[in-house]
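Here are a few exercises to work through with the model open beside you. Try each task before reading its solution.

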Amino acid sequence: MSRRRNNNIRGPTSALTEFLRESGINPDLIARRVATRNQALPNEQQPVAGQSINNGINPTANSGSEPGQVAPNATSDVQDQSRMLSGYASDQLDEPEEQSPPKKTRTGKRKATAAAKAKAKKRAKEDGDYQSSSDDEYTALSRNRRTMGASSSSKPPVGSFESCAKCKKQFTVTRYTMAANPPPGYLCHDCVKAAGIDPFKKPVAPRKRKSPTDKRNVVNLEERHLPTLVSLCVELISKHIDDIEALGNIGSVNLDEIAKALGKNRSLNSHNAHLLLRFYDATQLIPPDFTTLASLNPNLTHLHLDFCGRLTSPVLEDFARSLPHLISITLLGPFLVRAEAWIEFFRSKPNLRSFRITQSPRFDPSCAQQLAKSCTELEELQLREVGLLSDEFVEPLCALPPLRVLDLAKPGIGIEEDGWFKLLERHGRTLKSFDPSWHAGFTNRALRYGLGSYARVLSELVLEGCESLVDEDVARFFRRWGNKADEQESDEDAMDATVDMPRIKGADALNPPLHSLSLARNDVLADATLTALLDQSGPSLIYLNLNGLRSLSTDALVLLKCAVALRRLDLGWCREVDDFVMKEIVSAMPKLEEVKLWGCSRVRGNGWAGKRGLKVYGIEPNAGCQ
């Protein structure tokens, strides 16, 4: 069946076929080359039908053959002779597959496939059905033509004169002179450039494929062949946990360090749990372990459990029965505790003073009502990441006694502006730590007329992710606290208070400077806020978090040097921070212990990061490189 078609559709071709078609090599061109070379040969070397020129041996197979059967052998002999004379076999493109030496294949499957293709091609040639497609015409020069120019003669020597095949002007031959296409002749430099060809362009070297052994091994997980000293100590303590009393009084500080080591290595289990009072990672503890912990420590007053996802409602009921002196409880991740268990726990703990939970999706308003009804001595409350936290919690929380710590961050629903006014009116005067982070309802009015009017002893403030806050209003809030508001702002505050808010008794009293402040993730806050807060609380600040305040300028960041008592500073994603700013800041803070610079691509740590006792986090390896 012929491969010739009357349409323009071509099937898939190999890489060699594609290359030959783009180079302009076709059977007609090959035939012309062979005919030209045969004409140049002496008469005694012309091939004769039926006679082989291969080493002068006459094959016996053709002695009695028909004249029509001799032509293929004659053509093959001519091709062999031309290959011997030329010394280069790249032009012999229609040779049968059997004449080339067999190639080694990696698998038997590839070898069988190649043999099948060769057999099919040979059968197609014998049947006369194989014809070259007229669409696959080649227009480029062969290797011989590219090296020898447009004619069979060699390229003219460098420095000689030649006439351009296109413009007929005389030019000097150089190493960059290119042959004309189509031949014969050569082109001058101007004609080559007019054709859009760069004669000085170096050929691109083929990309060398790396062997599998040379490829880089990517290490995804570091395997420790030798145990660390911490793991050896933890294993030794767990092995001899029953004899731990032989060490005497270890001390609370050492116990806390052991607890951190156990939590970091996820080694806290039922064998060493009764040694500790604070659990930094209780992932591997099951409900019976929590029950045993409560039964073995009946005089426990403070309980702190992190990652206590296996703590269930019956376990919390056991805590209520087995820990009669418990006054403080902190739980991270009590997902399985239901509302009924919380209510029973609050009824049995009227002396509870600190209640802190994080990520409790089943804590609802009924639990808050029972908390306000039973725990009349509560001082610290943290309902962080509670999914049902909304305005329904406002009334029960206002029924609580005045709190010192109030943390309602990251709610599922959130409290609106009116609810914050009520909460701050109830607890604002006694609050020392306040965190309304990620509440869309905590607006500028709630900040200025709620917190600004009622807070008197606040030392720790967290305002992360409050999307309703504006730079100028937050700056005015800090200026009002610092008693540095100008006359115009005082008149505006008086007008706003007269229209919207009732006159608050003692509202003119000032809050003392803050010791801890976090304004992270408020990208609208800028220079005005930073300048005002440094004027109000700069010298007394110990912890400051400005992560994500990308609008801060270099001039405002340099003002941080007035916070001489600062110990921990977070400037992550403040794009204007560089080594010059950090050097000026760090040199003015003798007590600085920790700096976080995640996302600050202009900081390299030159000239300041080597300060003794300073821990720096977040410097990128390629920081400062353009």
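**Exercise 1. Cysteines**

Task: Decide whether C188 is buried or exposed in this predicted model, then find how many disulfides the count comes to.

Solution: Start with the surface. The relative accessible area of C188 is 8%. Buried means under 20%, so C188 is buried.

Next, look for a partner. The cysteine sulfur closest to that of C188 belongs to C191, and the two are 3.4 Å apart. A disulfide needs sulfur atoms within 2.5 Å, so the sulfurs of C188 and C191 are too far apart for a bond. The count of disulfides comes to 0.

**Exercise 2. Strands**

Task: Work out in which sense, parallel or antiparallel, β7 pairs with β8, and which residue in β8 is the bridge partner of T330.

Solution: Begin with β6 (residues 302–305), which is joined to β7 (residues 328–332) by 4 bridges. These two strands run parallel, and L303 stands opposite I329 of β7.

Now move on to β8 (residues 354–358). Its pairing with β7 has 5 bridges and is also in the parallel sense. Within β8, R356 is the bridge partner of T330.

Finish with burial. In β7, 4 of the 5 residues are buried, leaving the strand mostly covered. In β8, 4 of the 5 residues are buried, so β8 is largely enclosed by the rest of the structure.

**Exercise 3. Helix packing**

Task: Find the angle at which α14 and α15 pack, then follow the packing on to α16 and α18.

Solution: Two packed helices are described by the angle between their axes and the distance between the axes.

Step one: α14 (residues 417–427) packs with α15 at about 5 degrees, and their axes are 9 Å apart. That makes α14 roughly parallel to α15. On the α14 side the contact uses E417, W420, F421, L424 and E425, which meet R445, A446, Y449, G450, L451 and Y454 of α15. By class, this contact divides into 7 nonpolar, 1 polar and 3 charged residues.

Step two: α15 (residues 444–454) and α16 (residues 471–481) have axes 9 Å apart and an angle of about 10 degrees. Angles under 35 degrees count as roughly parallel, so α15 and α16 are roughly parallel to each other. From α15, the residues N444, L447, R448, Y449, L451, G452 and S453 meet D473, V474, R476, F477, R480 and W481 of α16. The contact of α15 with α16 has 6 nonpolar, 3 polar and 4 charged residues.

Step three: α16 and α18 (residues 527–537) have axes that come within 8 Å and cross at roughly 10 degrees. These helices are therefore roughly parallel to each other. Here α16 contributes D471, E472, V474, A475, F478, R479 and W481, while α18 contributes D527, A528, T529, A532, L533 and Q536. This contact divides into 7 nonpolar, 2 polar and 4 charged residues.

**Exercise 4. The whole chain**

Task: State how many helices and strands the chain has, and what share of its residues count as buried.

Solution: The secondary structure comes to 20 helices and 17 strands. Of the chain's 626 residues, 39% count as buried. To close, consider the contacts with a separation of 6 or more: 68% of them come from residues 24 or more positions apart.

Definitions and conventions. Residues numbered from 1 in each chain as written. Predicted model: local features only at pLDDT ≥ 70, side-chain atom pairs only at ≥ 80, totals over all residues. Heavy atoms only, no water. Axes fitted to C-alpha atoms, helices over the stretch in contact; angles between N-to-C directions. Parallel < 35°, antiparallel > 145°, perpendicular 65-115°, else oblique. Contact = heavy atoms within 4.5 Å. Nonpolar A, V, L, I, M, F, W, Y, C, P; charged D, E, K, R; others polar. Buried < 20%, exposed > 50% of the residue type's maximum accessible area, 1.4 Å probe, protein only. Pairing = 2+ DSSP bridges.
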